[in-house]
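Hi everyone, thanks for coming. Could you all bring the model up on your screens before I start?

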Amino acid sequence: MLDKKNKMISIIDKLIYFFSIVFLLSLTNSIFVNQIGYYFTLIFIVVRFYLTRENPFYKTCLEYAFIFYIAAEILSTVFSIDPAHSFHNLLKRFFLIPIIYTFVYSAKDFESTKRFVLVYLGAALATMLVYLGLSYNYFINNFYQLYESGPATFQYPITSSELMSFSLVFLFAFLILEKMSNKYRLIVLFLFIINLLALLATYKRTGWMGAAAGILFVIILGRKWILLVPVLLLLMASAFIEKNISEVHIYDYNLNELVPKLEMSTEGRAYSILPDNDVYYVSDFENGLTKFKGNQV
C-alpha cells in the first residue's frame, strides 16, 4: 500500500515538473497553453498535499506586500463606478499571486531553478525571433504607420511588450552582474540585442518603460554607477535636440509621379486629413479639428 502511494507521489511530481515546463515554454506565445501549464501544476500540487499532508508552500517575504495589494484592490472595487468589472479584474489578479508559490515549490533546488530560467529564456527568445520576422513584413508594408503598433502575433502587442521586458531585464542582469567568460558574455549580449529589437518592434511604450525601470533597478542593485553616465548624456541630448514636428504633406499624382502640392503645419500631432475641394480638415491630436485653406488655418 505504501509502495503504491509512493509510486503515485512520484508520478505526480513528474506531472508537476512537466506542466511547469509547459507553463515556461508558453509564457510568451500562448495564453491558452500557458493557463493549462499553470493550473495543472497548481492542481497536482494540491493533490500531492492531499496525499502527503505536507505543506508545499513556503514563505517568500512577500506576504505583507500581497496583503496590502489585495486590500488596495478590494478598496478599488468597493469605490469603483463599475464594481462588477472591477471585481472581475480583482479575481484575475488574485489568481496570479499563487504563481509565485507554485514555482517556488516546483523549482526545489538551484539546479532546477537554473533549468527553469534557461527553458524560459530559450522559449522567449525563440518566440522573439518569429516576432522579428513578422515585424520585418510589418515594416516593409508600412503597417507601423497605419496601425501605430507592432504585429499581434501571439498576444496583444502591449502584452507582448510587457512579457519581453522581463526577459530583457534578466539578460541585462546576467550581462553586467554574472561572472562568465568572454565567449558566454558575447552570447548573452547577442541574445540581449535580439530581445531589445523584438521589444522595440512591439512599438508599445509600456514594455519600453518597464524594461527601462527594470534595467535602472539592476544598475542600482549592482552599483554599476558608470552605466548611468551614457543614459544621462542621452537624456540631456534628447532634451536639447529633439523637436516636436507635426506636418501634413499633400501630393498630386501626375504621369506616374508624385508632385508636391501643399505643406501644412499643426501645433499638436496631425492624425488624419479629409479633403473637401480646396479646403482640408485636419484632425490634430492635441487641438481637435482644424480647417485649412491652402496652408492657412
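I'll talk about helix packing and then about the strands.

A quick word on the source: this is a predicted model, where local features need pLDDT of at least 70 and side-chain atom pairs count only at pLDDT 80 or more, while totals for chains, interfaces and linings use all residues. Residues are numbered from 1 along each chain as its sequence is written, and side-chain values use heavy atoms, with hydrogens and water left out.

Helices and strands here are DSSP runs, numbered from the N terminus (helices are H or I, at least four residues; strands are E, at least two).

Let's begin with helix α8, residues 157-177, and helix α9, residues 182-202: they pack at an angle of about 160°, and their axes are 9 Å apart. Those axes are lines fitted to C-alpha atoms, for helices over the stretch in contact, and angles run from 0 to 180 degrees between N-to-C directions. The pair α8 and α9 is therefore roughly antiparallel, a label for angles over 145 degrees; under 35 is roughly parallel, 65 to 115 roughly perpendicular, and the rest oblique. Residues in contact (heavy atoms within 4.5 Å) include Met-164, Leu-168 and Phe-172 of α8 and Val-188, Phe-192 and Leu-199 of α9.

So what does α8 do with helix α6? Helix α6, residues 110-140, packs with α8 at an angle of about 120°, with the axes 11 Å apart. That makes α6 and α8 oblique to each other. On the α6 side, residues including Tyr-120, Leu-125 and Met-128 meet α8 residues, among them Phe-166, Phe-170 and Phe-174.

Now, the strands. Which way do β1 and β2 pair, parallel or antiparallel? Strand β1 (residues 247-254) and strand β2 (residues 257-265) are antiparallel, with eight bridges; strands count as paired if DSSP finds at least two bridges between them. Tyr-253 has Leu-258 in β2 as its bridge partner. The two strands make a hairpin with two residues between them, and Leu-255 in the turn has a positive phi of about 55°.

Further along, three strands form an open antiparallel sheet in the order β3-β4-β5. Its edge strands are β3 (270-276) and β5 (288-293), each pairing on one side only. From one strand to the next, the twist averages 25°. Strand β4, residues 279-284, is joined to β5 by six bridges, and Val-282 stands opposite Thr-290 in β5.

That's my tour, and I'm happy to take questions!
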